Amino acid sequence: MTAEPEPSRDPGATELRTARLLLRRPLPEDLDAIYALHTDPEACAHNPSDLLETREDAELLLLRWSDQWDQYGFGYWTVRRRDSPESLGFCGVKVVGFGRHAVLNLFYRLFPSAWGSGYAVEAATAAMGWVRAHRPDDLVIARVRPENVASQRVALRAGLVRASDFDTPGEDGADWFYIAGGDHEG
C-alpha cells in the first residue's frame, strides 16, 4: 500500500458498463439527483450526518466529487440503468485518510426505489473490478453500520471481507469495516 495513491488518468475510469448499468462521472446535470438522494431520510437512515439541508450543500458535494476526479482521475460514479437516463444513485471509490495512510473508500448509496434489485452489488462489484485493474496495490475500505445488513451484504458480494480489528466509533455510530486489497486478502 502506498502512502498517497498516485493519480490515475485512465480514460476508462470516467465510465463503466455492466450487464444492466452505466456508471459515469457525475456531471452538473446530476445535481438534482444528488440533492434528492441526500435529502432522503430513508436513503441516509444509517448515515444521518450525510443528509443535506440545501441545494447549495448538494452543489458543494458535487464540487468535492469533481475535485476528486480532477486530482486522481477517478471517484464516485452516477449509477443508472443502461436503458434509462434516470439516476439510481451513486457508487465508486475516493481517496480518504485512514490512520496515517491514504486508502480508497468504497461508497454506494442508491435511491430506496432501486433497493432489492441487485443494483448496488452490481455497481460496487464494477467499482471493485476497476480498482483491481487500475489500483491493485491500494487498500479499499467500506464503513458500514452494524444494523445495515443490506450494505454489509453488498460489501461482501463486491469482494471485501469483514475486518473487525479496524472497527471504530463513527460520526453516526459504530463503523464496521470491510476491506480488500493492499496487504489484505479480499
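**Burial and overall build**

I began with burial: 49% of the 186 residues in the protein chain are buried, where buried means under 20% relative accessible area, exposed means over 50%, and partly exposed lies in between (1.4 Å probe, protein chains only). I noted that this is a predicted model, in which local features need pLDDT of at least 70 and side-chain atom pairs count only at pLDDT 80 or more, while totals for chains, interfaces and linings use all residues. Residues are numbered from 1 along each chain as its sequence is written, and side-chain values use heavy atoms, with hydrogens and water left out.

Next I looked up the secondary structure and found 4 helices and 9 strands in the protein chain; these are DSSP runs numbered from the N terminus, helices being H or I with at least four residues and strands E with at least two. Read from the N terminus, the order is β-β-α-α-β-β-β-α-β-α-β-β-β. The radius of gyration of the protein chain is 15 Å, close to the 16 Å of the globule rule for 186 residues, so the chain is as compact as a globular protein of that length. For that I used C-alpha atoms, and the rule is 2.2 Å times the number of residues to the power 0.38. The C-alpha atoms fill a box of roughly 40 × 35 × 30 Å along the principal axes.

I also checked contacts, meaning heavy atoms within 4.5 Å. Of the contacts in the protein chain with a separation of 6 or more, 63% are between residues 24 or more positions apart.

**The cores**

Then I turned to nonpolar cores, which are sets of buried Ala, Val, Leu, Ile, Met, Phe, Trp, Tyr and Cys residues joined through side-chain atoms within 4.5 Å. The largest has 38 residues, and F74, V79, L106, Y108, W130 and L160 have the most contacts inside it. Helix α3 (residues 119-134) gives the largest share of this core, 10 residues. I found a second, separate core of 14 residues, with A43, L52, A58 and L62 among its members.

**Four residues up close**

I picked G92 in strand β4 (residues 87-98). Its relative accessibility is 0%, so G92 counts as buried. Beyond neighbours within four places in sequence, G92 is in contact with G75, Y76, W77, N105, L106, F107 and A127.

My next stop was D175, in strand β9 (residues 173-181). At 9% relative accessibility, D175 is buried. Not counting residues up to four places away in sequence, D175 touches R143, V144, R145, D167, T168 and G170.

H46 came after that, in the loop between α1 (31-37) and α2 (55-72). With a relative accessible area of 26%, H46 is partly exposed. Leaving aside neighbours within four places in sequence, H46 is in contact with R145, E147, N148 and D172. I also compared H46 with Y108: they are 62 residues apart in sequence and 12 Å apart in space, C-alpha to C-alpha.

I finished with G159, which sits in the loop between α4 (149-157) and β7 (161-162). At 23% relative accessibility, G159 counts as partly exposed. From G159 to I179 I noted 20 residues in sequence and 8.5 Å in space, C-alpha to C-alpha.
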